[in-house]
Amino acid sequence: MRCIWIASALAVTAVTAAPDGRGGGDPVPEEEREENAKRIPCPFLAGLYSEGILKPDEFGRVNSQHLKEAMVEVGSTVPNAVFPSFGTVRFKEEDIHQTERHWDYGLVPSGFLNQIGLPEDLSNLWLNIMTMNVPDKCVDAAGHAEVPSKFPCNANPQHVQHGYSTTIRDPRYDSEDPTREKRFKDWIEPTLVVNKSLSDEKVMTFDGFVALLARVAVEGDLSGEWSLKPNLEYEGSNLQHYHPHVQPPNAYALYHWTAWLAWVGLWEAYGYPYPDNSGAKFMTESDLRRFMLEGKLPKNWKKKTFTLKDVGYTMIALEGHDIPGGDLYARALKERFPLSSLLPGAASEWRYMSNYAATERSLGFFEDNIVNPMPKANRAVVV
């Protein structure tokens, strides 16, 4: 996804403060925060940053411990925060351009390590949330990005892109749609309906949510390491290149994992329950606008618990809703995610986390770790 360049001397020799569990930085002034938030493609991460909960260091990076703590601060259970935190935050502190992803902790999350007496603090692994976009990609050995900025370039932005995404928060389209309003109208407005029993404003119900995922899977941006080519073609895709051991049909299943985890996580965390206590949820247009256009959490948001259990079962519920290839992933989860009836309640969130990770492993998630090194040849960059 996004961002910028830094002077070559700084990019090569910079040393940051020692990890402190907070990410290494302090909140910046609100005006600067609003501008920086535009760079963050994930609306949830952008919201955490805009609220001053997520505090990157001067280079735009947060560490894994800090991201986990930030998610917990807004209501996530610890196990629900583990996979996003320790699954994506995988770069050593000195690796300012994110050239080498580390899988040295594998599937074992921080909290579980602590439970068996091993170190909990994994804050030596970092991720730059300001350079997650395609234009942030390093284009030369001096550390310039495709589109220059004040942040270090990213050698591997594809590792933090979803398998498929809307283009709403993609800066490549900002020149023709600077407010991002046109993209919101294109992607989100068709999924909204009037339902006065739920809200005075338009809402996205589960039907609209499913319709959005189905459309993005076919028409969305395909810049991530788990992306297929248009029409879900495997040959020549990013998924084939970065994960050659993941063959169809597993490739078609894992195409969905990042998009589903992100969107369903947002749905479970910030969807409102139906007043009939049916368990159904909806999101309001104003909340979606704040997330997608402003990179902010809902107005007057309040902390409420959201769990991996709810996220997992909502992903399973996407089966049978005509999301191309989606049933393969939903069925894989349905096979492994539910808890064994032998231990119905004990440490259930941690066990759901383990079962979720086991699903990913069964599909080949951890088979490959292919990254792009820093470019060797210099390329002219417009500054």
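Strands β1 and β3 pair in the antiparallel sense, over three bridges. Within this pairing, Val62 stands opposite Leu127 in β3. The structure described here is a predicted model. Strand β3 also has a link to β2 (residues 91-92): two bridges join them, and the two strands run antiparallel. Here Lys92 has Leu125 of β3 as its bridge partner.

Strand β3 covers residues 125-128, and both of its faces are covered. Leu125 and Leu127 are buried on one side, while Trp126 and Asn128 are buried on the other.

## The chain as a whole

The chain has 383 residues, and buried residues make up 55% of them. Its secondary structure comes to 15 helices and six strands. Of the contacts with a separation of 6 or more, 70% are between residues 24 or more positions apart. The accessible surface is about 16200 Å², and carbon and sulfur atoms account for 53% of that surface.

## Confidence in the model

The mean pLDDT of the chain is 87, and 85% of the residues reach 70 or more. Over residues 1-21 the pLDDT is below 50, and this stretch has 84 contacts in the model beyond near neighbours in sequence. Residues 379-383 also have pLDDT below 50, with ten contacts counted in that way. Where pLDDT is low, predicted coordinates should not be read in detail.

## The sheet of β4, β6 and β5

Another group of strands forms an open sheet of three, in the order β4-β6-β5, with antiparallel pairing. β4 (203-204) and β5 (272-273) are at the edges with a single partner strand each, so one side of each has no neighbour in the sheet. Strands of a sheet pair through backbone hydrogen bonds.

β4 is joined by two bridges to β6 (residues 281-284), and these two strands run antiparallel. In this pair, Val203 stands opposite Thr284 in β6. Helix α12 (residues 285-294) lies across β4, β5 and β6, and runs at about 65° to β6.

## The disulfide and the cysteines

How many disulfides does the chain have? The count comes to one. This disulfide joins Cys138 to Cys153, with an S to S distance of 2.0 Å.

Another cysteine, Cys42, is at 18% relative accessibility; the cut-off for buried is under 20%, so Cys42 counts as buried.

## Two buried loop residues

Ile53 is placed in the loop between α3 (43-50) and β1 (61-63). With a relative accessible area of 7%, Ile53 is buried. Leaving aside residues up to four places away in sequence, Ile53 touches Leu48, His66, Ala70, Glu73, Val74 and Trp301. Leu67 is 14 residues from Ile53 along the chain, and their C-alpha atoms are separated by 9.3 Å.

His243 is in the loop between α9 (238-242) and α10 (250-254). The relative accessible area of His243 is 1%, so this residue is buried. Residues up to four places away in sequence again left out, His243 touches Glu225, Trp226, Tyr234, Asn238, Phe365 and Asp368.

## Helix α13 and its cover

Helix α13 spans residues 308-316. Its buried residues are Leu308, Val311, Gly312, Thr314, Met315 and Ile316. What covers them? The cover includes the helices α5 (78-88), α8 (206-219), α11 (257-270), α14 (326-336) and α15 (348-362).

How values were computed
Residues are numbered from 1 along each chain as its sequence is written. This is a predicted model: local features need pLDDT of at least 70, side-chain atom pairs count only at pLDDT 80 or more; totals for chains, interfaces and linings use all residues. Side-chain values use heavy atoms; hydrogens and water are left out. Helices (H or I, at least four residues) and strands (E, at least two) are DSSP runs, numbered from the N terminus. Buried means under 20% relative accessible area, exposed over 50%, partly exposed in between (1.4 Å probe, protein chains only). Contact means heavy atoms within 4.5 Å. Two strands pair if DSSP finds at least two bridges between them. A disulfide is a pair of cysteine sulfur atoms within 2.5 Å. Axes are lines fitted to C-alpha atoms, for helices over the stretch in contact, and angles run from 0 to 180 degrees between N-to-C directions. pLDDT is the predictor's confidence in each residue, from 0 to 100. Accessible areas come from the Shrake-Rupley method with a 1.4 Å probe; for residues, only the protein chains shown count as cover.
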